[in-house]
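Dear colleague,

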Amino acid sequence: MIKESKEAALKELLDKYNIKPTKSLGQNFLIDYFALNCIIEALEIQYNDVIIEIGAGLGTMSKEIARRTENFIAVEIDKHLMPCLKDTLKEYEKVKIINTDFLQLDIEVEINNFPASCRQAVKIVGNLPYYITTPIIMKLLEAEINIDLMVFMVQKEAVDRMIAKPGTSRYGPLAVALQYFFQQEILFNVPPHCFYPKPKVSSTVVRFKRIKNPSYKVNNKKLFLEVVKASFEQRRKTIINSLSNSTGLKFLSLDRETIKNILDEAHIDSDLRGEALSLEQFVNLANTIDKYERH
Ligand code: SAM
């Protein structure tokens with residue numbers, strides 16, 4: 001009954017603003033307030049946190065965040081949702097609503113716009129469309145800012161890619177980078193009837209907390225991420241071939257012999273495929289390349 005009334009309220013809102021949900025943008029709006037509250041709790045919002053919401057939609061979750069912190073940016077790509085989103089958030093003058101593709105947003109600039117005293121922790125939240133989950137998370141990991149906590153609602157396939165282990169088909173740059181920087185927690189599932197319109201599959205809420213003291217230390221974050229991406233560029237190739245042919249690592253101009261020496265020094269068999277390397281091996285590899293680059 002409650003769910004039906006939430007669905008009716010959302011439909012009314014869509015009618016009022018003449019909005020037709022766009023499937024290609026993953027517009028399945030959350031209508032389950034229990035799930036919504038659990039996501040808000042998972043964010044552990046403190047007064048001085050900076051929060052960015054990716055894909056604010058009609059502002060249902062944004063409003064709950066805005067009530068808890070002033071340092072809040074709501075990003076939404078769809079200009080048709082702007083009148084509704086602005087209306088939902090009109091009481092919260094300090095909220096910054098940005099109508100853009102999150103992939104085009106300069107998050108370093110946006111976050112650094114907040115005075116340091118208001119940046120106790122940087123937290124990201126989003127009910128992410130499936131088509132863009134990996135690029136969004138990779139962008140966050142590559143950013144020159146420390147993100148303390150992220151809470152995402154994603155499809156199960158995306159979770160599988162986040163938690164994948166070496167030697168499995170889903171293991172890739174997303175798994176390696178996330179597992180290096182963040183401790184992952186799978187919080188709960190959200191079935192299709194919690195959204196309008198109903199998606200075909202269930203979603204899962206996952207939380208990532210930054211690991212303050214990783215077991216293996218990466219000396220150069222940018223290089224580490226480039227090496228990881230290069231190692232998976234051609235999954236079926238050996239690591240020596242992947243690194244030698246990688247377009248992403250061209251800027252290093254390493255010849256094959258040097259790469260062989262690097263792999264030997266990092267104790268990595270050059271005939272292995274990238275997907276067989278553990279997190280520790282990727283860290284070793286990137287740190288060894290970094291050392292060669294500095295000499
Ligand atoms: N947060 C709202 C909720 O939970 O009801 C909406 C979630 S809906 C699943 C995903 C939202 O992300 C949509 O409003 C969609 O327009 C927006 N979106 C899709 N691609 C985006 C992008 N590249 N940048 C920013 N927002 C995007």
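Of the 295 residues of the chain, 48% count as buried, where buried means a relative accessible area under 20%, exposed means over 50%, and partly exposed lies in between, with a 1.4 Å probe and protein chains only. This is a predicted model, in which local features need pLDDT of at least 70 and side-chain atom pairs count only at pLDDT 80 or more, while totals for chains, interfaces and linings use all residues. Residues are numbered from 1 along each chain as its sequence is written, and side-chain values use heavy atoms, with hydrogens and water left out.

As for the overall form, a compact globule of 295 residues would have a radius of gyration near 19 Å, and the chain agrees with this because its value is 21 Å; the radius is taken over C-alpha atoms, and the globule rule is 2.2 Å times the number of residues to the power 0.38. Along the principal axes, the C-alpha atoms fill a box of roughly 65 × 45 × 30 Å.

The chain has 12 helices and nine strands, which are DSSP runs numbered from the N terminus (helices are H or I with at least four residues, strands E with at least two). Strand β5, residues 121–127, is mostly covered, with six of its seven residues buried. On β5, two pairings can be described, where two strands pair if DSSP finds at least two bridges between them. Strand β2, residues 49–54, runs parallel to β5 over six bridges, and Ile54 has Gly126 of β5 as its bridge partner.

Ala230 itself is found in helix α9, residues 221–231, and it counts as buried because its relative accessibility is 1%. Asp271 lies 41 residues from Ala230 along the chain, and the C-alpha atoms of the two are separated by 15 Å.

With best regards
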